[in-house]
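Visitor: I would like a close look at one part of this model, please. Could you take me through a pocket and then along the helix beside it?

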Amino acid sequence: MLGITYMCLGVLFLALGDAVAKWLGETYTPVQIVFFRTLVAIPLILVIAHFNGGLRTLGTRRPWVHLLRGLIATATMFSFILGLTLLPLAETTAIAFAAPLFIALLSVPLLGERVDPLPLIAAFVGFVGVLIVVRPGAAGFQVGALVVVIAAICYALLMITARLYGGREHLWAMVFYVTLVPLIVSALLLPLFWKPPQLVHWLGFISAGVLGVVAMSFITLAFKHAPASIAAPFDYTAMVWAVLLGWLIWGELPDTWVYVGTAVIIASGLLVAFHERRVSIKARPSL
């Protein structure tokens, strides 16, 4: 229950951070939002790392791996924030739910992993759910939907590289460099997109960075206190917050197809989680 509680809190802070980014995106470009979000996050990550093994945990012998992951993280942030500015919050969240399904699909060619038929079927069903939300060729289709799909694919690649190298690198080194690289890239691009922030927007930039780090910390704690197969499905509570925040702040109400597609995506994701839990139970050694 403690792990589930941490997961729900982490998802809530993520949703609040997304709402702040969407609000800032009405005035500023994704470059400026990513810059301030990561600028605020870096000192907080350093403080957390200091009290969780010391700053030596940030050392690495694989700088090129972290550079690659950082560039993927940069593409993820830019495309997701751009998607937030182009689509309603709930629709963006629904499409982003496809990221775990892309992980299942990409694990076969990129990691050479053997994936059981059930997760693969669930991934394809979930992709159908994404198509229901996106509706290519329909009157309601927007380019923003493709941008969020790109963000979901980039996030999947980020998680796959974490699976490849996470066992050989410290957690906070992985977190630090995927935040540092987007900060550097956005800083280099910032002179081209700079717009002096208003006072109220300064609060938004700071809170977006803080909310992101707090969310990451709660989600990390969630996986320490509960098996992934139990904690991960509660990520879908983000849809509740997305619908509520979108309605309260922007008066957005998703249409029926968004709910139908979201239900298909969530069902497929839960099926994968159920399968992983069943496999992990069978793999436990008997006493």
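Visitor: What volume does the second largest pocket have?

Guide: Happy to. This is a predicted model, in which local features need pLDDT of at least 70 and side-chain atom pairs count only at pLDDT 80 or more, while totals for chains, interfaces and linings use all residues. Residues are numbered from 1 along each chain as its sequence is written, and side-chain values use heavy atoms, without hydrogens and water.

The second largest pocket has a volume of about 170 Å³ (the space filled by probe spheres set on its grid points, joined across faces, edges and corners). Ile48, Asn52, His170, Leu171, Trp172, Ser217, Thr220, Leu221 and Lys224 line this pocket (an open set of points on a 1 Å grid where a 1.4 Å probe fits, with protein on both sides within 12 Å along at least five of seven lines; lining residues have an atom within 4 Å of a point). Two elements, H8 and H9, each give two or more residues to the lining (helices are DSSP runs of H or I, at least four residues, numbered from the N terminus). The most come from H9, which gives four. By class, four lining residues are nonpolar, four polar and one charged (Ala, Val, Leu, Ile, Met, Phe, Trp, Tyr, Cys and Pro are nonpolar; Asp, Glu, Lys and Arg charged; the others, Gly among them, polar).

Now to the aromatic residues. The whole structure holds 11 aromatic pairs (ring centres within 6.5 Å, using the six-membered ring of Trp; planes under 30 degrees apart are stacked, over 60 edge-to-face, the rest tilted). One of them, Phe36 with Trp194, is tilted, at 6.0 Å centre to centre and 45° between the planes. It bridges distant parts of the chain: Phe36 sits in helix H2 (residues 30–50) and Trp194 in the loop between H8 (171–193) and H9 (199–225), 158 residues apart. Phe36 is buried at 7% relative accessible area, and Trp194 is partly exposed at 40% (buried is under 20%, exposed over 50%, partly exposed in between, with a 1.4 Å probe and protein chains only).

Trp202 is partly exposed at 33%, whereas Phe205 is buried at 2%.

Ring pairs join Tyr28, Phe35, Phe36, Trp194, Trp202 and Phe205 into a cluster. Lys195 lies over the face of Tyr28, 5.9 Å from the ring centre (NZ of Lys or CZ of Arg within 6 Å of the centre and within 35 degrees of the ring normal).
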